[in-house]
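Take a short walk through this model.

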Amino acid sequence: MKSVLFVWGGWEGHQPKQCVERFAAFLAEKDYHVEISNTLDSYLDAAALKSLDLIVQCVTMATITPEQEQGLLDAVASGVGFAGWHGGVADAFRNSPNYQFMVGGQWVAHPGDIIDYTVTISNPHDPITAGLSDFAMHSEQYYLHIDPSNEVLATTTFDGHIFPWIDGCVIPVVWKRRWGAGKVFFCSLGHTLEDFDVPQAQTLVQRGLLWASR
């Protein structure tokens with residue numbers, strides 16, 4: 001049986017507990033042993049972390065200690081998967097560049113706040129995106145600074161109606177990457193639980209969690 005640790009916390013506006021519960025139920029149905037924690041101190045137990053197959057994080061706008069950060073980075077480098085969505089991963093620890101290096105990107109803006117936009121499947125041949133077509137979202141459109149080593153699976157294009165100088169900019173929505181022996185998956189969708197009522201959004205995250213798992 002595979003094992004997964006969900007860690008949630010930070011800004012409540014992203015409904016971290018509710019989102020975690022949805023995907024914890026999904027992995028439980030896939031016969032994972034599921035643990036759920038609401039403290040970053042879970043990253044301090046090196047032996048317990050390295051025994052996992054997957055860590056799923058949903059912690060927005062929080063602060064991580066150097067010891068907690070190192071515990072997480074070491075676990076992923078050893079082969080434990082890491083995955084998550086939206087600000088729970090890409091706006092988690094703004095003052096922790098080593099964590100951002102592992103994730104492969106950092107949120108910087110969502111022009112217009114809640115708007116209509118399109119998610120484009122840029123790599124339809126990957127198992128995470130196979131069979132999915134481009135789809136519409138009504139949510140935050142994340143503008144991110146990203147690592148060029150990411151393997152991008154889906155994107156969105158900004159139209160510049162808020163900031164004209166970013167008109168036509170293509171920003172990743174879904175990517176996967178490596179950190180040492182570990183696999184890292186990120187999806188920028190998931191501002192609230194309602195985002196995952198869009199079938200494609202939920203499927204992308206479900207498949208990403210399974211891919212990232214050891």
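Helices and strands here are DSSP runs, numbered from the N terminus; a helix has at least four residues, a strand at least two. The model is predicted. Ser-188 sits between strand E11 (182-187) and helix H6 (199-212).

Is Ser-188 buried or exposed? The cut-off for buried is under 20% relative accessible area. Ser-188 has 3%, so it counts as buried. Its neighbours can be listed, leaving out residues up to four places away in sequence. On that basis Ser-188 touches His-86, Tyr-142, Leu-144, Pro-172 and Val-173.

Next, a strand. Strand E4 covers residues 81-85. Why is E4 described as largely enclosed by the rest of the structure? Because five of its five residues are buried. In a regular strand, side chains alternate between the two faces of the sheet. Both faces of E4 are covered. Gly-81, Ala-83 and Trp-85 are buried on one side. Phe-82 and Gly-84 are buried on the other.

E4 also has a strand partner. Strand E3 (residues 54-60) is joined to E4 by four bridges, and the two run parallel. Ile-55 shows the pairing at residue level: its bridge partner in E4 is Phe-82.

Now go to Ser-42. This residue lies in the loop between strand E2 (33-37) and helix H2 (46-50).

Two loop residues at the surface remain. For both, the cut-off for exposed is over 50% relative accessible area. Trp-165 is in the loop between strand E9 (151-157) and strand E10 (170-179). Its relative accessibility is 65%, so Trp-165 counts as exposed. Together with Ile-162 and Phe-163, Trp-165 makes a nonpolar surface patch of about 330 Å².

Pro-127 belongs to the loop between strand E6 (114-121) and strand E7 (135-140). At 61% relative accessibility, Pro-127 is exposed as well. How far apart are Pro-127 and Leu-204 in sequence and in space? The sequence separation is 77 residues. In space, C-alpha to C-alpha, Pro-127 and Leu-204 are 9.8 Å apart.

Note on methods:
Residues are numbered from 1 along each chain as its sequence is written. This is a predicted model: local features need pLDDT of at least 70, side-chain atom pairs count only at pLDDT 80 or more; totals for chains, interfaces and linings use all residues. Side-chain values use heavy atoms; hydrogens and water are left out. Patches are made of residues with over 30% relative accessible area and no salt bridge: like charges are joined within 9 Å, nonpolar side chains (Val, Leu, Ile, Met, Phe, Trp, Tyr) within 5 Å. Accessible areas come from the Shrake-Rupley method with a 1.4 Å probe; for residues, only the protein chains shown count as cover. A salt bridge is a side-chain nitrogen of Lys or Arg within 4 Å of a carboxyl oxygen of Asp or Glu. Buried means under 20% relative accessible area, exposed over 50%, partly exposed in between (1.4 Å probe, protein chains only). Two strands pair if DSSP finds at least two bridges between them. Contact means heavy atoms within 4.5 Å.
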